[in-house]
Amino acid sequence: MLRALLLIAALAAAPVVHAQGTIKIAVLGPMAFVQGQHHWMGAEMARDEINKAGGIAVGGRKMMLELVRADTNEILSVPDASSAVERVITRDKVDYIVGGFRTEAVLAMQEVAMDHKKLFLGVGAAHDELGMRVERDHNRYKYWFRVSPTKATDLGRTIFGVLGAVAGSIRTELKAETPKVAIVAEKAVWTEGLVKAAQANLPKMKMEVVGLWQPSAVATDVTAELSAIERAGADIVFTFVSGPVGIALGRQMGERNMKAVAFGINVEAQKDEFWGAAAGKANFVSTLDTYSEIEITPKTIAWVRAFRDRFKVSPAYTAATYDAIMLIRTAIEQAKSTKSDDLVPVLEKISYVGNGAVIEFDKRHDPIWGPGKAMGIGVQWQDGKKVAFWPPQVKGVQPFRLPSR
Amino acid sequence: MIQDILVSGLISSSVYALLAIGFSLIFGVARIVNIAHTAFYMLGAYLFYSLLVQLGINFAIAGLLAVAGVTALSLACYKLIIEPLREHESAVLISTIALAILFQELMLLFYGGHYLGIPSTMDGAVSIAGVSIAYQRFVILVVAFVMLAATWYLLNHTRLGLAIRATANDLEVANLMGMNVHHVALATVAFSAALAAIAGVVVAPVFVVDPYMWLGPLVTMLAIVVLGGLGSVKGSVIGAFIIGFVEAITVFAVPSGAFLKGAVALSIMVAVLLLRPQGLYGVVFEEER
């Protein structure tokens, strides 16, 4: 009996012995939602690739990678997100953290991770404040790096670049010298700066702002807003939406046969499920995105195909957890150490060719924006397919299309 | 702009009316503040989605089955959870909140946090007085008005309607007069849940189906029934049209404050209650006690 008990105890202890040879990374995200699911999918791809290759080389030995899946429930509850970070650090004893999505939650999660001096590679939240904290107090926040997307200010730079191209199409095809733009922004923290920038910049870009509409992020009916936008004679519906309102907008524009084209940030339109959710009505809806089968970097096309083959969906931008984990691996192998403090200086100097961007960090630990670095792409729904139309110089992009008039 | 407001207001008001009438009926007859009422609306939309999109059942049959399924579920909930607690109003209130959250979490579990779309039954749009209206929205309007008329007929021209009105007027007297108030309550619960499910089925091809779609209408519906007077069907209809049109006016008058449409509607409710605490057609609270 005693022997049996000792055997059971030995078996129970065995995983602990193996765990000493592993590196644990927590993948944080709203796992009941697409964003969190793609956090996890991207991380799984990275883990499998690393472990298949024998693990991560740390000095003279190889360490296997173990992922800890943590549902932050951050879309519904910021406190839940903070608790999730606390839990993975104190209970699961993870070495590093990747993920996060909603700005309000990531701001809170960042604090917890910094309290514990844990390397946290953000994949999902765009608010500038996350990086500004690093600049203001490097000693405390140096463990934070943002992998994707680019910070909100840079998203703005990209979005105005793409908007210029969309306006160019309208000028050419419709002979409208000063395209009319209706701004539709859900009422949320992340849209405030973008709306102000749009109101200030559009007239300078020879576009007329015909109005600002701010529905709730969870609105499922925007017919009243669209009626008013049609009356204002808008050529472009410039969107900043992340919630289901993006689906309602696309679908109802299609149902009304609106002549205006929607472009901007529409998080729902980035997903494969968008076309079905909009009941196939959202033709010509366009948005900024991260991945498509175009040659953003030499790795993009092969990786997007591999992702699609494995999961039967296209990667959302939160699948950049793959790049986040690969960055950690590269940093560990260069530093020959697993300590967060040793990895920070390596990451600060790194130049990493990712799947959606070439990542180099600035002094705020944000990815440096620009052609050939991190910029994002413009995609448009055309007859049920999401096709990339911007940047124009990238191999594989398709022309932007306007609704027929 | 006036025609836009009329069309938008009319469509949203009619959906609100369908929801508010059911809620009022249950409160009037059984004194149940049923927070799960709009969860039945959400379940109607989900069931319709599954039958139509996942199982490929014909549109009309899928709609009928969805309404029947939700009605049956509401009866089961009433018999198993609400009826045993009916003497304890607070417990009933909390139970209905728990039920609604349970339904939400179950939908999250089975369907995930994805936003689902249901194809329209009728494609295309018509332009009336310069306002473009999708045909599908006409369906909402027609179904809503048919159901409102059916409710009016049921309440005013049938024995069941008479029993419902009598029970709503004075439950104890109705009971003393030999009426089976439990059966009346059961019938009312079924009818109310059916109305909520019908609302869910008709809006599903126009809106987005998601596990949280019950929350927004819940707040609006509560505002409507309090504005119209708790338990008053007439008040609920009028309240629905007031709130629906106020929301439409807010969107058109203050485009950048469109997200405030719910807050404006609630403010109007508060203003009316300050002047008339019992709502437009409700009984005075003191008498209630």
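Which residue is the bridge partner of A:Phe238 in β10(A)? In this predicted model, the partner is A:Phe263. Let's see where that pair sits.

## A four-strand sheet in chain A

Strand β9 of chain A covers residues 236-241 and runs parallel to β10(A), with six bridges joining the two. Both belong to an open sheet of four strands, and if you trace across chain A you meet them in the order β8-β7-β9-β10, with parallel pairing. At the edges are β8 (208-213) and β10 (261-266) of chain A, each pairing on one side only. On average, neighbouring strands here are turned by 20 degrees against each other, direction ignored.

Two helices accompany these strands. Helix α8 of chain A (residues 189-204) lies across β7 (180-185), β8 and β9 of chain A, and runs at about 170 degrees to β7(A). Helix α9 of chain A (residues 223-231) packs on the sheet as well, touching β7, β8 and β9 of chain A. The direction of α9 makes about 165 degrees with that of β8(A).

## A six-strand sheet in chain A

Chain A also has an open sheet of six strands, this one with mixed pairing, in the order β2-β3-β1-β4-β5-β6. Its edge strands are β2 (56-58) and β6 (144-148) of chain A, and each pairs on one side only. Neighbouring strands of this sheet are turned by 30 degrees against each other on average, direction ignored.

Now look at one pair of strands in it. Strand β5 of chain A (residues 119-123) pairs with β6(A) in the parallel sense, over four bridges. Here A:Phe120 has A:Trp144 in β6(A) as its bridge partner.

## Where the chains meet

How many residues does each chain give to the contact? Chain A gives 34 residues and chain B gives 32. On the side of chain B that touches chain A, the elements giving two or more residues are α1 (2-30), β2 (131-134) and α10 (233-253) of chain B. Sorted by class, that side has 19 nonpolar, eleven polar and two charged residues.

## The largest nonpolar core

The largest nonpolar core has 232 residues, and those touching the most other members are A:Ile25, A:Ile236, B:Ala45, B:Phe48 and B:Ala197. Helix α1(B) supplies the largest share, 16 residues. From chain A, the core draws at least three residues from each of domain 1 (2-149 + 296-359) and domain 2 (153-289 + 376-390).

Take B:Ala197 as an example: leaving out residues up to four places away in sequence, B:Ala197 touches B:Phe40, B:Tyr41, B:Leu43, B:Gly44, B:Ala66, B:Val67, B:Val70 and B:Thr71.

Note on methods:
Residues numbered from 1 in each chain as written. Chains lettered and ligands numbered in written order. Predicted model: local features only at pLDDT ≥ 70, side-chain atom pairs only at ≥ 80, totals over all residues. Pairing = 2+ DSSP bridges. Axes fitted to C-alpha atoms, helices over the stretch in contact; angles between N-to-C directions. Contact = placed C-beta atoms within 7 Å. Nonpolar A, V, L, I, M, F, W, Y, C, P; charged D, E, K, R; others polar. Core = buried A, V, L, I, M, F, W, Y, C linked by C-beta atoms within 7 Å. Buried ≥ 20, exposed ≤ 12 C-beta atoms within 10 Å, placed from the backbone. Domains from an automatic or database assignment.
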